[in-house]
Amino acid sequence: MGMSVTISVATEQDAEQIFRLQYLCFQSEAALYGNYRIDPLVQSLDSVRQEVAADCVYVARLGEEVVGSVRGRVTEDGSASIGKLCVHPRLQGHGIGARLLRAAESALAEERGAKVFRLHTGHRSEGNLRLYRRVGYQAVGTSQGNDGVPMIVLEKPAEAYVATA
């Protein structure tokens, strides 16, 4: 009998697994844009550790292995910035990304007072855009990533997380 994937708050001990998973998962994004200097691929382990300590970070586990993660933080204006959602390539397409998003949204709204959720993805990242639209996000604009990749900015009201749970 197989194990099921569980979603939980990340701990300090998860930082290295999150770092490795992020590096693996964002290779396909880098290839899509021909840019292997995208932010998730150049982030340091120390920076990941700092985010785990300070931000709202959730992981998906299959046994002891971290197979997915997402991070979020609430800014001064009450918006929650959600980012670096990733799921191990062998487990993509099974709803783990949506479950991670719901966990982060719930915590950001209930525990940190978020009023709106905001995230961004590359303009060519059709799979990501499909997921985000399916769980209620709408495109509200564009931006340029620090890495030069054109991004689509998406938002949804925080009260909407209940409707997608």
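Serine 69 is found in strand 3, which covers residues 65-74; helices (H or I, at least four residues) and strands (E, at least two) are DSSP runs numbered from the N terminus. The model is predicted, so local features need pLDDT of at least 70 and side-chain atom pairs count only at pLDDT 80 or more, while totals for chains, interfaces and linings use all residues. Residues are numbered from 1 along each chain as its sequence is written, and side-chain values use heavy atoms, with hydrogens and water left out.

Serine 69 has a relative accessible area of 0% and is therefore buried; buried means under 20% relative accessible area, exposed over 50%, and partly exposed in between (1.4 Å probe, protein chains only). Leaving aside neighbours within four places in sequence, serine 69 is in contact with Ile18, Leu21, Tyr58, Val59, Lys84, Leu85, Cys86 and Leu100, where contact means heavy atoms within 4.5 Å.

Two of these partners were examined further. Tyrosine 58 belongs to strand 2 (residues 56-62) and is buried, with a relative accessible area of 12%. Residues up to four places away in sequence not counted, tyrosine 58 touches Ile7, Ser8, Val9, Ala10, Gly68, Ser69, Val70, Leu100, Ala103, Ala104 and Ala107. Between tyrosine 58 and arginine 133, which are 75 residues apart in sequence, the C-alpha to C-alpha distance is 21 Å. Lysine 84 lies in strand 4 (residues 79-87) and counts as partly exposed at 23% relative accessibility. Although lysine 84 is not a glycine, it has a positive phi of about 55°.

Two loop positions were also considered. Serine 44 sits in the loop between helix 3 (39-42) and helix 4 (45-54), and its relative accessibility of 37% makes it partly exposed. Serine 44 and leucine 91 are separated by 47 residues in sequence and by 25 Å in space, C-alpha to C-alpha. Valine 135 occupies the loop between helix 6 (126-134) and strand 6 (138-144); this residue is buried, its relative accessible area being 8%.

The chain has a radius of gyration of 15 Å, which agrees with the value near 15 Å for a compact globule of 165 residues; the radius is taken over C-alpha atoms, and the globule rule is 2.2 Å times the number of residues to the power 0.38. The C-alpha trace spans about 40 × 40 × 30 Å along its principal axes. Of the 165 residues, 48% are buried. Among contacts with a separation of 6 or more, 63% are between residues 24 or more positions apart.

The chain exposes about 8700 Å², of which carbon and sulfur atoms supply 50%; accessible areas come from the Shrake-Rupley method with a 1.4 Å probe, and for residues only the protein chains shown count as cover. There are 18 positive and 19 negative side chains, and the centres of the two sets lie 5 Å apart. Lys and Arg count as positive and Asp and Glu as negative, with His and the chain ends not counted; each charge is placed at NZ of Lys, CZ of Arg, CG of Asp or CD of Glu.

An unreviewed UniProt entry places the feature "domain: N-acetyltransferase" at residues 5-159; such annotations may be inferred rather than shown by experiment, and positions are given in the numbering used here with feature names shortened. Over residues 5-159 the chain is 36% helix and 34% strand, and the end C-alpha atoms are 26 Å apart.
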